[in-house]
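Trainee: Could you walk me through how to read a few features in a protein model?
Mentor: Gladly, let's open it up.

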Amino acid sequence: MKIRVLGSAAGGGFPQWNCGCFNCAGVRSGSIAATPRTQESLAVSRDGRAWFLINASPEIRQQIETFPALHPRSSRDTPIAGIVVTNGDLDHCLGLLCLREWQRFSVYATARVRDGFARNVFARTLSRFDGQVTWRALEPGRETKLLLASGEPSGLDVLALPVPGKAPLHLADMGASDEDNVALRIRDAESGVAVAYLSGVAGPSDGVAQIVRDADAVFFDGTFWSSDELIRLGASDKRAEDMAHWPVGGSGGSLAWLGAVRARHRVYIHINNTNPMLRDDSDERALVERAGVAVAFDGMELSL
Ligand code: MLT
Ligand code: MN
Ligand code: ZN
């Protein structure tokens, strides 16, 4: 299985257009040791020819252009067979609207995420002709085959499990559902190798533990280092947990848990621009690496 990180930052990216925090100002001026990052998305393939994306970021166009394996092979074509979305947040769904150029593709989502997306009038741009986008249901707990454009099985299966999270901010009035936010496991049906993907996790749960079991690679929510990161900056009155993100650092942080997960590759992704572990020479980065965990960057590749 081939994996390519198309984008590794949380919503807003790094730097974020309206942010002058230490990290964002520093990466713009070059005064810190850090690399800009686009918003979170992963590309996964069994054979290097047909690809599935996890989440569709607003920067999807640029992300496709920087990865030749996703370029068209004929005058109208895409190697992207489908897109699996983990929740209805704009940083995960806005990119779908950017793929409106008369191309057929499949989107795998829970019924809840699909219905939330369909409330938006712009969603109609993906129904310009019959069969433009095929929505395929992710039923929590039931493994689903990822299909090639031909309709044949790709050899990759996806399992979605509900994990602690929340409805997207713009749909907060819909109340909460188990299907708002899922973690994924994509597995090669033949070899059994698997990648677990949990880019939004509010805290530990049985689903979180279950999805990483037997995974060869785990991508995990690295949004905030500490609970009060945005509060101390004066950027928000919300704690990490209020935004459904389990902080990395501290005694109850995710690093203490992820460091003990027995997967060959453990990688933080969806990293907010304020997170000190974005700086290559920070104490926080050293702590992460000492625990055997990596911090994702755009263009990072794994082969399982
Ligand atoms: C999140 O990850 O919490 C969301 O992307 C926040 C947002 O939609 O602004
Ligand atoms: Mn996000
Ligand atoms: Zn910032």
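This is a predicted model: local features need pLDDT of at least 70, side-chain atom pairs count only at pLDDT 80 or more; totals for chains, interfaces and linings use all residues.

Trainee: Which residues coordinate the manganese ion (ligand 2)?
Mentor: For background, ideal angles at a metal are 109.5 degrees for four tetrahedral donors, and 90 or 180 degrees for six octahedral ones. Here Asp91 (OD) and His270 (NE2) coordinate the manganese ion, at 2.1 to 2.2 Å. Asp91 sits in helix 3, while His270 belongs to the loop between strand 12 and helix 8, 179 residues apart.

Trainee: Are Asp91 and His270 buried or exposed?
Mentor: Both are buried.

Trainee: How many residues does the largest nonpolar core have?
Mentor: In soluble globular proteins, nonpolar side chains tend to be buried together. In this case the largest core has 35 residues, and Val288 is among those with the most contacts inside it. Helix 5 gives the most to this core, with 3 residues. Beyond its neighbours within four places in sequence, Val288 touches several residues, including Trp225, Leu255 and Tyr268.

Trainee: Why is the pair of Phe220 and Trp257 tilted?
Mentor: A pair of aromatic rings is described by the distance of the centres and the angle of the planes. For Phe220 and Trp257 the centres are 5.1 Å apart and the planes lie at 45 degrees, so the pair counts as tilted. Phe220 is in strand 11 and Trp257 in helix 7, 37 residues apart. Trp257 also forms a tilted pair with Trp246, at 5.8 Å centre to centre and 40 degrees between the planes.

Key: Residues are numbered from 1 along each chain as its sequence is written. Chains are lettered from A and ligands numbered from 1 in the order in which they are written. Side-chain values use heavy atoms; hydrogens and water are left out. Donors are N, O and S atoms within 2.8 Å of the metal (3.2 Å for Na, K and Ca); water is not among the atoms, so sites may look incomplete. Helices (H or I, at least four residues) and strands (E, at least two) are DSSP runs, numbered from the N terminus. Buried means under 20% relative accessible area, exposed over 50%, partly exposed in between (1.4 Å probe, protein chains only). A nonpolar core is a set of buried Ala, Val, Leu, Ile, Met, Phe, Trp, Tyr and Cys residues joined through side-chain atoms within 4.5 Å. Contact means heavy atoms within 4.5 Å. Rings of Phe, Tyr and Trp (its six-membered ring) pair if their centres lie within 6.5 Å; planes under 30 degrees apart count as stacked, over 60 as edge-to-face and the rest as tilted.
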